[in-house]
Amino acid sequence: MSKASSEVTAFMQGLEKRNPGEPEFHQAVHEFIQSVMPYTLDNPAYRRAQILERMTEPDRIIIFRVTWEDDEGNIRANRAWRVQFNNSIGAYKGGLRFHPGVTLSVLKFLGFEQTFKNSLTGLPMGGAKGGSNFNPKGKSDREVMRFCQALMTELHKHIGEDRDVPAGDIGVGSREISFLFGQYKRLENRFVGTLTGKGLAFGGSLGRTEATGYGSVYFCQNMLGHIGDSIEDKTCVISGSGNVAIYTAEKALELGGKVVTLSDSSGFVHDPDGFSEDKIAFIKDLKEVRRGRISEYAEKYKSASYHEGEKPWGVPCDIAFPSATQNELSLDDAKTLIRNGVCAVSEGANMPTELEAAHAFIEADVLFGPSKAANAGGVAVSGLEQSQNAQRLVWSRKEVDDRLKSIMEDIHKKCVAYGSSGGNKKGSVNYVDGANIGGFIKVADAMLAYGAV
Ligand code: NAP
């Protein structure tokens, strides 16, 4: 066993002992440490200062009860968290997730990843994540409003434009951000950019809604461009049909790709004719306005079939965009995609690919864009929303999109700079190593500079 491998094993044993019952957090740290450990062994100042041990411990975690009243007048209670992971390079920044599957482990993995993703963007943002096990599905607008107001009644004490700036994530879209910001503003009696993803009428940025999906496609375009290829005429398989998936489909289509699947937690739709602009407009209305199920797409368009309880990875494609949730793409799924000739995978969701599956892609020389890099466009434009709020200015859609493109290009360059020696074949890039080391250095150097804090 190499020195780096034995150090990784020992490190993970300690981490798992200190954080029992947190499998998602262990997984995220394991992936990161595998890339970064060899780098820290070559640069002993990081080891001497216990940077990895300190980086894997959140600055603080706030846990609180959210009590609210449903439409029948019953009192309901949920648990909520804010994990303020690391503010070495800027105020905490990261989304809020409302989903019954939310646990502390999920939020710690997300907050940890967020720290390095935010660093990769080049903007001054620390890492955080929060949310609740509240399930917005099947709740009325008024119930969602009461829940958001109750949550913010506690959360507002811990956030602020220079302290911690939450945004959306699974289950938290423009409706929820509006309710949360309305309550924040009422409690604080200040109009400041403490949340991002706000409506355009009250401090939101043009292009923020589209940013994560568009950014994931731009990142993929950069990976393909690096080997002299492009998205044009490529068949694309996308999972999810939420914010990230919809705008991934829209941009992939615009760049000449053919998108043939979308999904939700019940199943996927396969449209061999591809999703046109009109069909994507139907999905936007279905998911964003009517809050319906993806199966309704196959009822409307006869070219499509619906596959209940299945994932889309068996559909032959050139590019896969996993854009729903964590661990939605297993080793078996990866083997199927590789057998069917996939050439690129760009992670729109956070950690959608299991660790063994990611290794299989890298081993097979599939261009594999990890979430830290590939989906950083969302938080990058959130950062741009903060800049606009602070300046009391509104930038044009073009200005925001140009900046997004250039940020995704810079992230790609960092991945190439730090991942070029780790590819399977001579000259190929290991984007996982590149993103992990590229994100690590700035945070680690700031922590070193601060001394023992
Ligand atoms: P969203 O709008 O709430 O959509 C989530 C989508 O994923 C829905 O289609 C949902 O289907 C599906 N899904 C959720 N849980 C699932 C599960 N357990 N199994 C299968 N499908 C599931 O959320 P989003 O903002 O698009 O976020 C999607 C992913 O991108 C998440 O990993 C998130 O952390 C990541 N991300 C988002 C942003 C952003 O700006 N929004 C930025 C960076 C990363 P149902 O409707 O059936 O639940």
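Modeller: Gladly, and keep in mind that this is a predicted model. Let's start where α7 ends: the helix is followed by Asn189, whose phi is positive, near 55 degrees.

Biologist: How do you know that the length of helix α7 agrees with what a helix should span?

Modeller: Helix α7 covers residues 174-188, which makes 15 residues. The expected span is 1.5 Å times one less than the number of residues, so α7 should span 21 Å, and its end C-alpha atoms are 21 Å apart, which agrees.

Biologist: Which residues of α7 are buried, and what covers them?

Modeller: Arg175, Glu176, Ile177, Leu180, Phe181, Gln183 and Tyr184 are the buried ones. Their cover includes β3 (92-98), α6 (141-155) and β5 (164-167).

Biologist: What does the side chain of Lys198 reach, and with which side chain does it make a polar contact?

Modeller: It reaches the backbone oxygen of Leu195 at 2.6 Å, and it pairs with the side chain of Asn389 at 2.7 Å. A polar contact requires N or O atoms within 3.5 Å, and the 2.7 Å to Asn389 makes a polar contact.

Biologist: Now the ligand. How many residues surround it, and which are the closest?

Modeller: There are 24 around it, the closest being Asp169, Thr212, Ser265, Arg293 and Asn350. By class, that shell has four nonpolar, 14 polar and six charged residues. Each of α8 (208-226), α9 (243-254) and β7 (258-264) supplies at least two shell residues.

Biologist: Which atoms of Lys137, Asn243 and Ser265 lie by the ligand's oxygen atoms?

Modeller: For Lys137, a polar side-chain atom lies 2.9 Å from a ligand oxygen. Asn243 has a backbone N or O atom at 2.9 Å from a ligand oxygen, while a side-chain N or O atom of Ser265 is 2.5 Å from one. Taken alone, the ligand exposes 900 Å², and the protein buries 82% of that.

Notes:
Residues numbered from 1 in each chain as written. Predicted model: local features only at pLDDT ≥ 70, side-chain atom pairs only at ≥ 80, totals over all residues. Heavy atoms only, no water. Helix = DSSP H or I, 4+ residues; strand = E, 2+ residues; numbered from the N terminus. Buried < 20%, exposed > 50% of the residue type's maximum accessible area, 1.4 Å probe, protein only. Contact = heavy atoms within 4.5 Å. Near = heavy atom within 4 Å. Polar contact = N/O pair within 3.5 Å; in protein donor to acceptor, adjacent residues only side chain to side chain. Areas by Shrake-Rupley, 256 points an atom, 1.4 Å probe, with all protein chains shown as cover. Nonpolar A, V, L, I, M, F, W, Y, C, P; charged D, E, K, R; others polar.
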